[in-house]
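Hi everyone, thanks for making time this morning.

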Amino acid sequence: MTNVRYFIVFMLFFASSVNYADRASLSITKTSLSNGLGLDPVWMGYLLSAWGWSSVVAQIPCGWLLDRFGSKRVYGAGIFLWSLLVFLMGFAGMLHGRTAFFVLFALLFLAGFALAPAFPGNGRFVAAWFPTKERGTASAIFNSSQYFSLVLFAPLMGWIVHTLGWQYVFWTMGALGMVLTPAWFKFVHSPKDDPRVSETELKYIEQGGGLVNMDLGGKSGARFNVKWSHVRQLLGSRMLVGVYLGQFCITTLTYFFIQWFPGYLEDRGMSILKVGFVAALPALCGCIGGIFGGAFSDFLLRRGGSLSFARKFPIVLGMLLSCVMIACNYASADWVVIVIMCVAFFGKGFGALGWTVVSDTSPKEIMGLSGGLFNTFGNTSAITTAIIIGYLVKGTGGFAAALIFVGANAVGAIFFYLFVVGEIKRLELKKPV
């Protein structure tokens with residue numbers, strides 16, 4: 001029996017790490033860039049939100065594209081396009097003032113369209129390549145990339161800003177993504193198209209609930225005809241709406257970490273070089289928590305727990321741990337703050353099982369569309385988190401209110417999973433009338 005599915009999830013993990021590092025590059029360069037362009041926290045909040053607007057708009061169309069043309073091609077094209085746009089952002093350093101701001105905003109806005117297929121595509125790959133009992137671990141691995149990206153790239157980006165300047169961060173990260181693109185097209189396939197997978201592994205995946213026929217095993221990709229009535233069916237499901245709203249709350253924690261955590265550390269008096277290394281510690285804890293959370297959920301499932309309990313319990317426990325970040329408002333020593341943030345982001349990673357739940361619950365014919373809708377709700381928090389925290393920081397002169405705002409979203413996620421989602425099961429698609 002081969003184990004090609006593990007190589008596939010490794011590729012998803014690495015591609016997603018580059019994806020999140022590109023999203024975080026602006027937060028790492030924020031102080032240097034804002035000083036150069038004369039931007040206050042509110043202006044930076046709008047700049048940090050730029051790609052979020054287009055990403056939200058693009059989620060449902062990208063979900064349709066994934067279901068219509070298959071994951072490999074749509075995802076691969078997205079990798080190249082977002083990397084090219086990130087590379088071009090470095091040239092904004094040749095401009096000045098508001099002109100540079102609007103050029104950066106426009107490039108980030110366009111990058112949002114290219115970034116949009118990544119996580120719905122990850123969800124489709126995991127649903128196709130993994131049986132149900134392994135899906136929690138597989139989803140947790142690619143989802144933990146949001147933390148590992150900072151473990152791997154934050155020290156590098158911090159060093160680049162310190163020694164070369166903020167423009168070189170964008171040039172470096174953009175070039176890396178463009179180099180990744182040909183490797184993606186060469187090594188990533190759907191289960192029925194992969195020449196390396198054995199019949200034994202394929203049968204094991206299929207008998208365990210893997211949707212190996214999702215892209216029909218054909219060179220032209222999927223051909224399911226997605227309709228707007230399918231969107232109405234998804235939004236008509238209380239279970240899925242609860243999952244989508246829970247993701248909005250959980251992703252607020254993610255975007256605080258990506259967009260504002262380096263600035264929070266700088267606000268406490270750390271240099272950008274130190275921030276690059278210190279930010280990697282909570283990120284590493286989040287990465288470990290993510291993998292443990294997925295593995296624990298699958299363990300509960302194998303031990304006979306219901307699917308609802310196996311998915312909800314780690315989410316609730318993880319969000320409760322995340323709330324401890326509010327205690328940073330009462331800590332003065334930097335090392336205490338870092339310890340608290342390590343616990344909080346371990347918890348956030350542990351409870352970040354949203355993509356696993358989407359793989360478990362979405363109708364198999366429109367997995368990409370459901371993932372896109374799920375990400376629409378989630379990525380809306382990229383806009384709200386960036387702007388709301390920008391106003392809170394400017395209005396209060398610090399991050400105390402911002403941490404309370406983020407902690408409140410963790411409580412919100414618990415509410416939606418406990419009182420709205422109900423039983424977790426796969427939604428059957430009804431034929432349009």
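One definition before we start: buried means under 20% relative accessible area, exposed means over 50%, and partly exposed is in between, with a 1.4 Å probe and protein chains only. Helices here are DSSP runs of H or I with at least four residues, numbered from the N terminus. Please keep in mind that this is a predicted model, where local features need pLDDT of at least 70, side-chain atom pairs count only at pLDDT 80 or more, and totals for chains, interfaces and linings use all residues. Residues are numbered from 1 along each chain as its sequence is written, and side-chain values use heavy atoms, with hydrogens and water left out.

Let's begin with helix 17, residues 354-361. Eight of its eight residues are buried, so helix 17 is largely enclosed by the rest of the structure. Those buried residues include Trp355, Asp360 and Thr361. What do they pack against? Their partners are helix 6, helix 7, helix 12, helix 15, helix 18 and helix 19, with contact meaning heavy atoms within 4.5 Å.

A core is a set of buried Ala, Val, Leu, Ile, Met, Phe, Trp, Tyr and Cys residues joined through side-chain atoms within 4.5 Å. The largest one has 123 residues, and Leu33, Leu47, Phe256, Tyr264, Leu265 and Met341 have the most contacts inside it. Helix 12 gives this core its largest share, 15 residues. If we set aside neighbours within four places in sequence, Tyr264 touches Cys328, Val337, Met341, Phe399 and Leu403. There is also a second, separate core of five residues, among them Ala127 and Met367.

Now for helix 4, residues 71-89, and two of its pairings. Against helix 9, residues 166-187, the angle is about 160 degrees and the axes are 7 Å apart; axes are lines fitted to C-alpha atoms over the stretch in contact, and angles run from 0 to 180 degrees between N-to-C directions. That makes the two helices roughly antiparallel, a label for angles over 145 degrees, while those under 35 count as roughly parallel. Among the residues meeting here are Gly76 and Phe80 in helix 4, and Gly174 and Trp184 in helix 9.

Against helix 1, residues 4-37, helix 4 packs at about 30 degrees, with the axes 11 Å apart. Helix 1 and helix 4 are therefore roughly parallel. Leu12 and Asp22 of helix 1 take part in that contact, as do Trp82 and Val86 of helix 4.

Conventions:
Angles under 35 degrees count as roughly parallel, over 145 as roughly antiparallel, 65 to 115 as roughly perpendicular and the rest as oblique.
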